Amino acid sequence: MALEITDDTFEEIVLKSDKPVVVDFWAAWCGPCRMVGPIIDEVSQEYEGKAVVGKVDVDANQQYAAKYGVRNIPTVLVFKDGEIVNRQVGVSPKKVYTDAIDAVL
């Protein structure tokens, strides 16, 4: 399962990570988010130990969604060394997310 990331834990989990980090910005009421959720969970299992995969509920945690210009959900950001290296908005096939991680591993 993907990690639950909050505004309080974002800096430690995402920005200070020595591994690539995938962050799914989502909300419980969002239909497309519910389609991406299981894909993100699969990716988290496949990349365990190689990348950090987490989710931010934008209803409860708005600070970093606002900071990174997340206006539509789902938005999946890939971070490397605290910087965004990839952005996917909307529903994408699993390969799009795994290719984004592979590019920074």
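**View 1. Leu105 sits in the segment after helix H4.** Helices here are DSSP runs of H or I with at least four residues, strands are runs of E with at least two, and both are numbered from the N terminus. The model is predicted, so local features need pLDDT of at least 70 and side-chain atom pairs count only at pLDDT 80 or more, while totals for chains, interfaces and linings use all residues. Residues are numbered from 1 along each chain as its sequence is written, and side-chain values use heavy atoms, with hydrogens and water left out. Leaving out residues up to four places away in sequence, Leu105 touches Pro20, Tyr47 and Lys50, where contact means heavy atoms within 4.5 Å.

**View 2. Five strands make up an open sheet with mixed pairing.** Reading across, the order is S1-S3-S2-S4-S5; two strands pair if DSSP finds at least two bridges between them. Strand S1 (3-4) and strand S5 (83-89) are at the edges with a single partner strand each, so one side of each has no neighbour in the sheet. Helix H2 (residues 31-46) packs on this sheet and touches S2, strand S3 (52-57) and S4. The direction of H2 makes about 155 degrees with that of S3; such angles run from 0 to 180 degrees between N-to-C directions, with axes fitted as lines to C-alpha atoms, for helices over the stretch in contact. Helix H4 (residues 94-102) lies across S2, S4 and S5, and runs at about 170 degrees to S5.

**View 3. Strand S2 is mostly covered, with 5 of its 6 residues buried.** Buried means under 20% relative accessible area, exposed means over 50%, and partly exposed is in between, using a 1.4 Å probe and protein chains only. S2 and S3 run parallel and are joined by 6 bridges, and Phe25 has Val56 as its bridge partner in S3. From S2 the chain passes through H2 to S3 in a right-handed β-α-β crossover: with the strands pointing away from the viewer, the path from the first strand over the helix to the second runs clockwise. With strand S4 (residues 75-80), S2 (residues 21-26) pairs in the antiparallel sense over 5 bridges.

**View 4. Helix H2 has 16 residues and spans 24 Å from its first C-alpha to its last.** That is close to the 22 Å expected at 1.5 Å a residue, a span taken as 1.5 Å times one less than the number of residues. The buried residues of H2 are Cys33, Val36, Gly37, Ile39, Ile40, Asp41, Val43 and Ser44. These buried residues pack against S2, S3, S4 and H4.

**View 5. Cys30 and Cys33 carry the UniProt feature "active site", from an unreviewed entry.** UniProt positions follow the numbering used here, feature names are shortened, and annotations may be inferred rather than shown by experiment. Cys30 is in the loop between S2 and H2, whereas Cys33 belongs to helix H2. Cys30 counts as buried because its relative accessibility is 4%, and Cys33 counts as buried at 3%. Setting aside neighbours within four places in sequence, Cys30 is in contact with Ile73 and Pro74. With residues up to four places away left out, Cys33 touches Trp26, Ala27, Ile73 and Pro74. The peptide bond from Ile73 to Pro74 is cis, with omega near 0 degrees, and Pro74 is in the loop between helix H3 (63-67) and S4.

**View 6. Val89 lies in strand S5.** Val89 counts as partly exposed because its relative accessibility is 46%. Not counting residues up to four places away in sequence, Val89 touches Asn72, Pro74 and Thr75. Its C-alpha atom is 9.3 Å from that of Arg71, 18 residues apart along the chain.

**View 7. Asp81 has a positive phi of about 55 degrees although it is not a glycine.** You will find Asp81 in the loop between S4 and S5. At 59% relative accessibility, this residue counts as exposed.
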